[in-house]
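Visitor: Hi, I'm new to this one. Could you put it up and walk me through it?

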Amino acid sequence: MSNKYNNLLKEVAAKYASIILNDAKIKSLTSINSAEYLYDSFVEISKLPLEKKLPLKWKLITVKENICTKTNLTTAASNMLKDYNSPFDASIVESLKKAGGIILGKTNMDEFAMGVKSENNLFGRTVNPVVKDSNYDVGGSSGGAAAAIAADICYASVGSDTGGSIRLPAAYVGCVGFKPSFGRISRYGMLAFANSFDTVGIAANNVKGVTKVFNVLDHPDINDSTCLTKEARYFVKEQHKKLSRKPIKIGIPIDWNVSETHPNVLDKWNEFISLLKSNGYLVQEIQLPISLYANSVYSTMAYAEATSNLAKYNTIAFGNCLDEKFEEEIISSTARSFFLGDEVKKRLLLGAYSLARMNSSDLFSKARYVRRAIQLEFNKNFFLPSFSVDDPRGDIDFIVTPSFFNSSQPIETPSSYSHLSDTMLVPANMAGIPSVSIPFGTLNNGLPMGIQIMAQYLNDEDLLSFAGQFA
Amino acid sequence: MPFLKPSKVSLKRILQGNPPKPIGLTEYGHLLRLVGLREADSKEENERTILKLNEGIIQMHAIERLDTSFIKEPFRTLNHAINAESLPSLPDQEPWNVFQNAKKRDGQYFAVYSKLKDDSSNESPNKQ
């Protein structure tokens, strides 16, 4: 018994040192639990009965900085919440612990999950661990989550995905990033960015790891009214069994092949298509023209929702505050201006523009109709029904695209396409459908290539099963 | 033969759409008040922010060129699968049937009203 725990202690110490060393340069973590905490967690789990099901037994898991944990601060990478101690664990954190997972710490992100750089004033910027001798972009907003996986810091990482937040970083660093269907996983305890877009995201080295975590988190939650009920899950599962078919048909949206796609990316996309054909899958062209406007819809709707959600950080009920004594209104506006970063401020202002009386009836309303058109566009192509709206059906099982237009770039390189970097990924958030980014070799520059696979709403299991054949 | 060939269609050009009227200092100040923020201390910083906002506004207005006349209803947040479960609900009560529906209940108020009505109907026509 003593030898057993001595060996465990040595293993924990060695792992802890490795984590500290690996994270020193890339800054994937914002906080890390102590070695004593990890050791105690290992011991506590080892004392549980062997017959108890612990699918994540002793697995080190990291959690994005915008997900509430009792053991670590939950700052959302913002000075506005830099001292916030959550009094509760998010539902997903509780589920991870019950499954035997050990929460290693929190991962870096863009402030309030707004951005594509994983940079903030509180913790600095996460860099791509794949590139050893230079600072390359890791993408965002869950760049810390993906970087932690790529640096072998943890087994899996749980983040959020509002518009490609987990998938883009995963694609940049060469790991798997998965966004489940809207409503599959509870969001209780995840700080809201845009309520109609937010989903929990999962990153791991392979699809098997993602699937394992997904199965732990995929359950109803009474605390989240948008989480799919038990009855609905059962109904959908039964319907999918009835509608199961072969051969599997893959759709390639040819209108997503735009001039911004790097030639190497296009070559790898074609290479993956050839791989699909050689494995017996039927590949056919499809059209998704309205989905190209997903970024515009995202800007209009998500920023508006964010403006509403962040209104509560007014230093009266929530948020940091200044020491000086000012009138209430001055305190609020001064503190918000002081503590919020530039990117967040810009998005809040754009959200206010979208909702302004002169625009809301034209712009915001139009965005809702375009979003519905995007949803219809996907439903008309998928063979399975969406079970959410009664739309005509198509003949496609999965849709395959690149995850990005170009690979990770040096941080110092100015880019006029940064606001389009997640164009391939945002449409899945529009329609609420599941999407996964899997690594597919490397580009000519040696950096990872990401392939995105999408499936019909609530068909997450089949998507992961299909993707697991390649990653 | 590759499945896809290099494209000449530019996404950036697609998303530019019809540039709207850019916002100026007045509109910027209004937006700041709406979100509870203050102007930056320097004029240059304010101008940079306005420039970024106008770039974002151009992207937002790109959707105006799309024809959505075939869409009957706007997007609704996904939450429950249709036909998955049905919740018990009371039958609809139309305003003009309010008294008829009330008879199905035993509420005190309506019971009193019914009693008064019954008493009134029992009065003799020769009472006066």
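Visitor: Okay. What kind of model is this, and how do I read the labels?

Guide: This is a predicted model, where local features need pLDDT of at least 70 and side-chain atom pairs count only at pLDDT 80 or more, while totals for chains, interfaces and linings use all residues. Residues are numbered from 1 along each chain as its sequence is written, chains are lettered from A and ligands numbered from 1 in the order in which they are written, and side-chain values use heavy atoms, with hydrogens and water left out.

Visitor: How many helices and strands are in chain A?

Guide: Chain A has 14 helices and 13 strands. Helices (H or I, at least four residues) and strands (E, at least two) are DSSP runs, numbered from the N terminus. Of its 471 residues, 63% count as buried.

Visitor: Let's go to where the chains meet. How many residues are in contact there?

Guide: On the chain A side 72 residues are in contact with 51 residues of chain B. The area buried between them is about 5600 Å², and carbon and sulfur atoms give 70% of that. Buried area here is the accessible area (1.4 Å probe) that two parts lose on being put together, summed over both.

Visitor: How many salt bridges and polar contacts go across?

Guide: The count of salt bridges between chain A and chain B is zero; a salt bridge is a side-chain nitrogen of Lys or Arg within 4 Å of a carboxyl oxygen of Asp or Glu. For polar contacts, the rule finds 15 residue pairs across the interface, both residues at pLDDT 80 or more. A polar contact is a pair of N or O atoms within 3.5 Å; within protein, one must be able to donate a hydrogen and the other to accept it, and residues adjacent in sequence count only if both atoms are side-chain atoms.

Visitor: Which element of chain A gives the most to that side?

Guide: That's α12(A), with 11 residues. By class, the side of chain A that touches chain B has 37 nonpolar, 24 polar and 11 charged residues. Ala, Val, Leu, Ile, Met, Phe, Trp, Tyr, Cys and Pro count as nonpolar, Asp, Glu, Lys and Arg as charged, and the others, Gly among them, as polar.

Visitor: New topic: how many salt bridges are there over all chains?

Guide: The structure holds 16. In one of them, the side chains of A:R184 and A:D218 meet at 2.7 Å, N to O. That pair links distant parts of the chain, 34 residues apart: A:R184 is in the loop between β7 and β8 of chain A, and A:D218 in the loop between α6 and α7.

Visitor: Are those two buried or exposed?

Guide: Both A:R184 and A:D218 are buried. For A:D218 the relative accessibility is 18%, which is why it counts as buried.

Visitor: What else does the A:D218 side chain make a polar contact with?

Guide: The side chain of A:R233, at 2.5 Å. Leaving aside neighbours within four places in sequence, A:D218 is in contact with A:R184, A:R233 and A:E461.

Visitor: Where do A:K268 and A:E271 lie?

Guide: Both lie in helix α8 of chain A, three residues apart, about one turn of the helix. A:K268 counts as buried at 11% relative accessibility, whereas A:E271 is partly exposed at 40%.

Visitor: Last one: which residues are buried in α14?

Guide: In α14 of chain A (residues 460-467), A:D460, A:L463, A:L464, A:F466 and A:A467 are buried. Seen down the axis, they fall within an arc of 160 degrees, so they line one face of the helix. The arc is that of the directions from the helix axis to the C-beta atoms.

Definitions and conventions. Buried < 20%, exposed > 50% of the residue type's maximum accessible area, 1.4 Å probe, protein only. Contact = heavy atoms within 4.5 Å.
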